[in-house]
Protein chains: 2
Amino acid sequence: MSSLQKIALASVSAMAIGSAGQASELRDQALDMFAALPSTIPALNNNIITPEKVDLGKALFFDPRMSASGVFSCNSCHNLATGGDDNMPTSIGHGWQKGPRNSPTVLNAVFNEAQFWDGRAADLAEQAKGPVQAGVEMANTPANVVATLNSMPQYQDWFQASFPEESDPVTFDNFAKAIEAYEATLITPAPFDAFLNGDDNALTEQQKEGLAVFMDKGCAACHNGVNLGGNGYYPFGLIEKPGADVLPPDDRGRFQVTETADDSYVFRASPLRNIDQTAPYFHSGKVWDLEVAVAIMGTSQLGMELNEQEVDQIVAFLGSLTGEMPEVVYPVLPTETLDTPRPTGDVIPN
Amino acid sequence: MSSLQKIALASVSAMAIGSAGQASELRDQALDMFAALPSTIPALNNNIITPEKVDLGKALFFDPRMSASGVFSCNSCHNLATGGDDNMPTSIGHGWQKGPRNSPTVLNAVFNEAQFWDGRAADLAEQAKGPVQAGVEMANTPANVVATLNSMPQYQDWFQASFPEESDPVTFDNFAKAIEAYEATLITPAPFDAFLNGDDNALTEQQKEGLAVFMDKGCAACHNGVNLGGNGYYPFGLIEKPGADVLPPDDRGRFQVTETADDSYVFRASPLRNIDQTAPYFHSGKVWDLEVAVAIMGTSQLGMELNEQEVDQIVAFLGSLTGEMPEVVYPVLPTETLDTPRPTGDVIPN
């Protein structure tokens, strides 16, 4: 059954959903489109998660020496202190260059079907290799990353413990796998999960109304599944293209990946968990107000003007997707040696 | 008694210090020049330390929104994952500008008599106000910091809880005091402390020999007290000026603070705790090898060529100053609101 068919079947009234029976009905319909976070860390493809690998991945995630300059770590743009992103329109990277698209949150990203706004990376391990090499981000090379890691005996030990069956474990592939393993632990259970799991009181009345509106109006056609998005591609401006301020004409989205005309201005539907922690919005990062973002989605994707009450209800519901962060103990990183490649802020022209 | 007199009285042989009696004698002489870290967080001037204030200070320390761009936090250049500094010659800041001097470690900095390489800040609260306003560092203004903090109700609550007797607690002064309170907790007890506190086995034989050499040769004339430095000002090149690569002629150090000719090329003696975690060395950050740094100190400050064995012994001793980090739980920061000033990477010309 397609998502649109599911929407068609959902006939929840946004009016009176206060009673236990109504909450149960709302839950049944929601469970047809969404899923609660699992209670354990998900299994990864070709990447067994072990405590050693998670610890290594955390160190790598926070290590600014993975960038050429020594300024940026994964956590710079996917900051676990601020919702797993950097709260700016597009990130500032190597040489003070600006990235092309808004940095998405790393939280719960393991549940996305593919990574990046255009889905060009199949999983988090593939994703992790991108920014580290991007000239406008960390501006490093796989060879320099591996040389940096190999220069520190502590990292060598940690790679050996994380990939015990490999004779030469310090590789760029394993660097990415360890980061993926760590990121898979960054899961934030939210009130919405408690509601899906059976707690009628986990959502406020307004949040329940918002959930009903979210399903009734068709938002859930694209924003469904465990992450309420992150699992499908849709044209931004399905019904009506937003202005160039929100949808810059030079970024054609997934077209750049598939080179198929149909994919012009197609982007992965944003996953919506923790969305109220991660302004500004859209791939362009041009919209700071979640209410405005919801209203734009109404006109551009659904072809309808959501009224103020509906917007408020939806925003209230989105607030129920903000979850609890796992406790993150800040790592103590291996000490550099005389063999560690020196940081350089030099910008190499393309 | 001056430090130099203390040195003159110290007549420890670096030869045979293996027995308990010899360790005890070495400890007595060391206790005449150094002090172990206290077992509790030190009291601050005009700044009572409370758990609420420490937690607030930690949040501020890690919050990149304290910089104009949203890129840099205190932790960017004083990274608690890498010895409390950033492991580069001089830091990269706003607009990709390079700072003038090597970033010193924040660890145990509360025990320094004054802050910065030239001692221009009396304490950590005064220090904390510097980088946030420096155009080449965080490039922010006190007014914008306060507006940023006031835009987030969570920060307002935390300031109220930290400064309960104030009617308008969200101020730049209190911002600095909270950071000072947090930084006062960043204390790293080391094997050398255990030795000073009575544990003969806390240092290796080579480290004990290094301690004896460190005292005998006169290093402790400048590097003494609880931080083995950080408590006095000395000309770099007291006996012989190092080359311009190590001592750039355009940075006259404390002269820029006091405008006294005598203070030309005078710097605060570096505190030496965790020194093997914080390469590169000196205010210029030009020397990556601790052995080379020790040898330069021999020629420039003591007028003597330390032989290879002595350098090795001193470096081994310095390793005993590397302490255990307190566990740092990475903070979850307050969420921005529509009133939060927007980050800007724009560089405003002087």
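**Entry 1: helix H8 of chain A**

I began with helix H8 of chain A, residues 172-183, whose 12 residues reach 17 Å from the first C-alpha to the last, close to the 16 Å expected at 1.5 Å a residue. The expected span of a helix is 1.5 Å times one less than its number of residues. Helices here are DSSP runs (H or I, at least four residues), numbered from the N terminus.

The model is predicted: I required pLDDT of at least 70 for local features and 80 or more for side-chain atom pairs, while totals for chains, interfaces and linings use all residues. Residues are numbered from 1 along each chain as its sequence is written, chains are lettered from A and ligands numbered from 1 in the order in which they are written, and side-chain values use heavy atoms, without hydrogens and water.

I then looked up burial, where buried means under 20% relative accessible area, exposed over 50%, and partly exposed in between (1.4 Å probe, protein chains only). In H8(A), 10 of the 12 residues are buried, so this helix is largely enclosed by the rest of the structure. Among them are A:Phe172, A:Phe175, A:Ile179 and A:Tyr182, and also A:Glu180 and A:Glu183. Their cover includes helices H3 (51-62), H4 (74-77), H5 (124-133), H6 (142-150) and H7 (153-162) of chain A; contact means heavy atoms within 4.5 Å.

**Entry 2: helix H3 of chain A**

I repeated the check on H3(A). Its 12 residues should span 16 Å at 1.5 Å a residue, and its end C-alpha atoms are 17 Å apart, which agrees. Nine of the 12 residues are buried, so H3(A) too is largely enclosed by the rest of the structure. The buried set includes A:Lys53, A:Lys58, A:Phe61 and A:Phe62. H4, H6, H7 and H8 of chain A are among what covers the buried residues of H3(A).

**Entry 3: aromatic rings**

I paired rings of Phe, Tyr and Trp (its six-membered ring) if their centres lie within 6.5 Å; planes under 30 degrees apart count as stacked, over 60 as edge-to-face and the rest as tilted. The count comes to 27 aromatic pairs over all chains. A:Phe34 and A:Phe214 form a tilted pair, at 6.1 Å centre to centre and 45° between the planes. A:Phe34 lies in the loop between helix H2 (20-31) and H3, and A:Phe214 in helix H10 (residues 205-216), 180 residues apart. Both A:Phe34 and A:Phe214 are buried.

A:Phe192 and A:Phe317 pair edge-to-face, at 5.1 Å and 85°. This pair joins helix H9 (residues 191-196) to helix H13 (residues 308-319) of chain A across 125 residues. A:Phe192 and A:Phe317 are buried.

One aromatic cluster holds Phe61, Phe62, Tyr182 and Tyr330 of chain A together with B:Phe61, B:Phe62, B:Tyr182 and B:Tyr330.

**Entry 4: the two copies**

I superposed the copies by least squares on the C-alpha atoms of residues with pLDDT of at least 70 in both. A rotation of 180° with 0.0 Å of shift along its axis places chain A on chain B, with an RMSD of 0.0 Å. That is the relation of a two-fold axis. In chain A, the C-alpha nearest the axis belongs to A:Val329, at 2.2 Å. Of the interface residues of chain A, 100% are also interface residues in chain B, so the copies meet through the same surface.

How values were computed. Helices (H or I, at least four residues) and strands (E, at least two) are DSSP runs, numbered from the N terminus.
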